[in-house]
Amino acid sequence: MALKIKLMRMGTKQKPHHKIVIAQQSKDRDADFVEEIGFYNPTFESPLIKIKRERLDYWLKMGAKPTKTVQALLKKEGQMKTQLTER
């Protein structure tokens, strides 16, 4: 079971916000997920990003891989580990 750290779109048309979730790689964007580890709201002047750091570290150690979008958000937030920047 390959796991990914993905964004799950929520909200309405023209007012999106996203949950940062752990989900199976083969599942759709808005399908079932294993655990919610954060929140991202791009509609503010400075986008709001909240991530549970200890759960992120746990899932990275368990082998979950972030998507490119989530990886960019983590870099922006300054919570990237050196192992992710090497990819």
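This is a predicted model: local features need pLDDT of at least 70, side-chain atom pairs count only at pLDDT 80 or more; totals for chains, interfaces and linings use all residues.

The chain has 87 residues, and buried ones make up 37% of them. There are three helices and five strands. If you trace the chain from the N terminus, the elements come as β-β-β-β-α-β-α-α.

Okay, the sheet. In what order do the five strands sit? Reading across, you get E4-E3-E2-E1-E5, in an open sheet with mixed pairing. E4 and E5 are the edge strands, and each of them pairs on one side only. E5 is just residues 65-66, and its pairing with E1 is parallel, over two bridges. If you want to find that spot on the screen, look for Lys-4, whose bridge partner in E5 is Lys-65.

Now put the helices on. H1 lies across E1, E2, E3, E4 and E5, and runs at about 120° to E3. H2 also lies across E1, E2, E3, E4 and E5, and in its case the angle to E1 is about 85°.

So what's in the middle? In soluble globular proteins, nonpolar side chains tend to be buried together. Here, the largest nonpolar core has 16 residues. Which of them touch the most other members? Those are Ile-5, Ile-20, Ile-37 and Leu-56. Strands E1, E2, E3 and E4 and helices H1 and H2 each supply at least two residues of this core.

Let's zoom in on Ile-5.

Next, helix H2, residues 68-77. Which residues of H2 are buried? They're Val-70, Gln-71, Leu-73 and Leu-74. Look down the helix axis and these buried residues fall within an arc of 160°, so they line one face of H2. Why does that kind of spacing work? An α-helix has 3.6 residues a turn, so residues three or four places apart point the same way. After H2 comes Gly-78, with a positive phi, near 80°.

Asn-41 is in strand E3. Is Asn-41 buried or exposed? Its relative accessible area is 11%, and buried means under 20%, so Asn-41 counts as buried. The Asn-41 side chain makes a polar contact of 2.6 Å with the side chain of Thr-43. Further along the sequence, beyond four places, Asn-41 is in contact with Pro-16, His-17, Pro-47 and Leu-48.

Then there's Asp-32, in the loop between E2 and E3. With a relative accessible area of 64%, where exposed means over 50%, Asp-32 is exposed. How far apart are Asp-32 and Met-8 in space? They're 24 residues apart in sequence, and C-alpha to C-alpha the separation is 9.8 Å.

For the whole chain, take the contacts between residues at least 6 apart in sequence: 29% of those join residues at least 24 apart.

How values were computed:
Residues are numbered from 1 along each chain as its sequence is written. Side-chain values use heavy atoms; hydrogens and water are left out. A nonpolar core is a set of buried Ala, Val, Leu, Ile, Met, Phe, Trp, Tyr and Cys residues joined through side-chain atoms within 4.5 Å. Buried means under 20% relative accessible area, exposed over 50%, partly exposed in between (1.4 Å probe, protein chains only). Helices (H or I, at least four residues) and strands (E, at least two) are DSSP runs, numbered from the N terminus. The arc is that of the directions from the helix axis to the C-beta atoms. Two strands pair if DSSP finds at least two bridges between them. Contact means heavy atoms within 4.5 Å. Axes are lines fitted to C-alpha atoms, for helices over the stretch in contact, and angles run from 0 to 180 degrees between N-to-C directions. A polar contact is a pair of N or O atoms within 3.5 Å; within protein, one must be able to donate a hydrogen and the other to accept it, and residues adjacent in sequence count only if both atoms are side-chain atoms.
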